[in-house]
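Work through these exercises with the model open. Each task is followed by its solution.

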Amino acid sequence: EDLFLELNGRLAAIRRADRSFALVNGSTCGILAGVKLAVPSGGKLLISRFSHKSLYSASEICGARLNYLVPSFITGTEIPGRITPESVEAALERNPDTSLVAITSPTYEGVISDVESIARVSHNYGIPLMVDAAHGAHLGFGGFSKCASELGADIVVESLHKTLPSPTQTAVLHINGSLVNAEAAQRCVSIFQSSSPSYILSAGIEACVSYMEENGEKECRNWLKGVTDLRDELKKLRNFELLDEPFLDPSKIVLLCDDGYEAMECFRRKSIEPEMAGNDYVLMMTGLGDTEISLNHLLSAARETDAEISRYGLKRGEKLCLPEAKTDILSAVSSASEPVELNMAEGRI
């Protein structure tokens, strides 16, 4: 137990958090624990509509009632943009009895919202802010933008394994401020985390912390320079268009194209495995393990693929319009159901 207490203390120190909890059940465990901590049964949970499925699972488990924040798509793409402080303010004006605001930053595509301003809005209503920063464990190091814990978020969940040198399934939950009970967080974590945590995964977290304590600033600075140079070259491509907004995490390489799935297959034939593809883009993740050699390999593959695909044509993204919710998740899941063809699903719940 003393070893875990020491590890949690080192995680809190490296993130300047009040309390931190090492997780061997992934960020999903942290999301579930965070919602359990802050939202009573029947309480209101305000989330981004483009949230990870663990937030919907948390709503089901905790009996939370969902309200949505709906970002606009980034101009010319089908990629959801930032959650704005103004949209949070408007939503809380309509629902001042909300128990928790939960946003994702960075998103899968690297979109970073203004966490500091959103935290300020949420706190004005006495409501804590949870940030799903599963893709942002590297933020705050070596010139990357500040992490959510530094920007006023009360509950922060980070996946160490996504961008830092740590085994898959390792993550961390950070607790800050007085709007959430740090002592109660331990109990919530114990509900969703194994009572027999893997010593192998725990040792992986400890090794990651040691690495970041000793080398994090220098290695992240080198990484950021590498991806900045890569992005400068990718901007010169003719048929791809590099997504390049000031609010994006530069470590995520999003290439807009006419057909993302076709582009993914082209990259695979060149020994590059993209993280994912969408209708009009392909996404590559970089990490601390990337070197000049691996980034140059990606650049060469991108240049070759650029010559094989159709030119990206600007699309006009529109804000998603949500239909009226007819029931909550828990009621829907526990109700009688039947399979139907997709073209027969209109009007069904």
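Contact means heavy atoms within 4.5 Å. Helices (H or I, at least four residues) and strands (E, at least two) are DSSP runs, numbered from the N terminus. The model is predicted: local features need pLDDT of at least 70, side-chain atom pairs count only at pLDDT 80 or more, and totals for chains, interfaces and linings use all residues. Residues are numbered from 1 along each chain as its sequence is written, and side-chain values use heavy atoms, with hydrogens and water left out.

**Exercise 1.** Find which residues of helix α9 are buried, and what they pack against.

Step 1. Select α9, residues 260-268. Buried means under 20% relative accessible area, exposed over 50%, partly exposed in between (1.4 Å probe, protein chains only). Gly260, Ala263, Met264, Cys266 and Phe267 are buried.

Step 2. Look down the axis of α9. The buried residues fall within an arc of 160°, so they line one face of the helix. The arc is that of the directions from the helix axis to the C-beta atoms.

Step 3. List the partners. The buried residues of α9 pack against strands β9 (252-256), β10 (276-278) and β11 (281-285), and against helix α10 (292-306).

**Exercise 2.** Describe how α2 and α3 cross.

Step 1. Take α2 (residues 26-38) and α3 (residues 53-62). Their axes come within 9 Å and cross at roughly 40°. Axes are lines fitted to C-alpha atoms, for helices over the stretch in contact, and angles run from 0 to 180 degrees between N-to-C directions.

Step 2. Classify the angle. α2 is therefore oblique to α3. Angles under 35 degrees count as roughly parallel, over 145 as roughly antiparallel, 65 to 115 as roughly perpendicular and the rest as oblique.

Step 3. Name the contact residues. α2 supplies Thr28, Ile31, Leu32, Val35 and Lys36. α3 supplies Ser54, Leu55, Ser57, Ala58, Ile61 and Cys62.
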